[in-house]
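Open the model in your viewer and keep the selection tool at hand. This tour moves from one pair of residues to the next.

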Amino acid sequence: MTISDEKVAVGVSSPTEPSTDTGAPFKVSSQARERLKVMFEAHYDLVWRLLRRNGLSPESADDGAQQVFMVAARRLSDIEHGSERAFLCAAAIKLAPRLRQGVAKEVATDELPETSGGASPEHALELKRRRALLDRILSEMDEDLRIALVLTEIEGFTKREVAEALGIPEGTAASRLRRAREDFQERLSRYQAKGGA
Amino acid sequence: MSDEPKLDSMESLFSAGKAELPAAAAKAKAASALGIGGAAAVGAAGAGTAGALKLIGVVAVAAAAFGGGLWVGDHRARAELKPQLSAPLSAPPPTPHEEPPPPPEQAETPPPAAPIEPQPPPTTEAAPKSKPATRSTPGESADALTQELAAIDRARMALRNGDAALTLKTLAEYERAFPQGVMKTEAALVRIEAMVASGDRASAEKEATRLLSSGAPQLVQQRVQRLLDAK
């Protein structure tokens, strides 16, 4: 299922507006609410991570993920059963550039608090370092390749699922993925050669 | 002596990306804004001290259910979990460990070494904490959860790679290592999926029945049904 810009745009607040924070519930039927709840539980983390890997800070991704689900809530009747994940991914991918533009205080890198909870500080630091490198490389890639790579290598989509989410033929998805992997590896190797990794 | 830089592989970077989790509070806020804040908000921080590990399990199941992997490496997820992990996990069990010393004829089992003597709990801690036998400190609890999540993630990866046999083997190892694990429900779901994928429908249905008869919540029931309906 492909998501047109119009379908995604309608109902999305301007990135500069604060997220809906009134606590007022959506006025949807109980059946629709149940469906939305299942979608939310199933795919919130995926949507959030997609936004993160498309250049948003954690805080911006929080707002962005909420907006994606707001869009989904308004478009529930348009979303075929079984295509919820594809819809949400497509919405997140389309919204990410707008959300990036609208945020004045984009944070370039994650910042860990002083405490590292139950995990060792070394482990937490290592994850942070890897994630920063991952995001740096991803940000340099062409959007099409980046998205194909993120969906498969990070979110576990099959090529068919990538094709469905992006509205492209499966062969195109496969080709993008192959090129994306090559591109990523090449960039990673360059970073490592320069000592930047 | 030069410092050999550690060379990252693509896979290690992807794993780090996969391991990142949104903050539970933000998720709960979004759920509330959408009007679905009941069950969806159950993973949020501040849910109270009682049943903290069960809370972690709910967050973990909800987050890991769709192959995103789960890792307690995200700073905000861990920061959210930390209050629960460090707080007393539950009220002491209703044992008479705070009662005055029992009369001599009842003192045979607990050594009356002190006026307030905790009954021997499942764990070795003297403090009145009630927690699974595999975890005795908050730090160990978080480490064990991290290991559980990693095991489930490995099983899911094997399944994605089409190796149902390896998936089931990984899950069997998980069960042995974590008999009281908080990810047991997720493990069962992955097991059902692997059984369906390998064509062993009878086992999948048996596993599904076992899971559903344990009082699984509605979301889990729906997931089970979707797995069984899959080709």
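**Stop one: a pair in chain A**

Select A:R178 and A:E182: they sit 4 residues apart in helix 8 (residues 170-194) of chain A, so about one helical turn separates them. Helices here are DSSP runs of H or I with at least four residues, numbered from the N terminus. The two form a salt bridge, with the closest N and O atoms 3.7 Å apart. A salt bridge means a side-chain nitrogen of Lys or Arg within 4 Å of a carboxyl oxygen of Asp or Glu. A:R178 is partly exposed at 43% relative accessible area, and A:E182 is partly exposed at 44%. Buried is under 20%, exposed is over 50%, and partly exposed is in between (1.4 Å probe, protein chains only).

This is a predicted model: local features need pLDDT of at least 70, side-chain atom pairs count only at pLDDT 80 or more, and totals for chains, interfaces and linings use all residues. Residues are numbered from 1 along each chain as its sequence is written, chains are lettered from A and ligands numbered from 1 in the order in which they are written, and side-chain values use heavy atoms, leaving out hydrogens and water.

**Stop two: chain B**

Select B:E175 and B:R191. Their salt bridge has its closest N and O atoms 3.0 Å apart. B:E175 lies in helix 7 (residues 164-177) and B:R191 in helix 8 (residues 184-197) of chain B, so the pair ties together parts 16 residues apart in sequence. B:R191 is buried at 10% relative accessibility.

**Stop three: a network**

Finish with A:R52, A:R53, A:R131, A:D135 and B:E20, which a network of salt bridges links.

Methods. Helix = DSSP H or I, 4+ residues; strand = E, 2+ residues; numbered from the N terminus.
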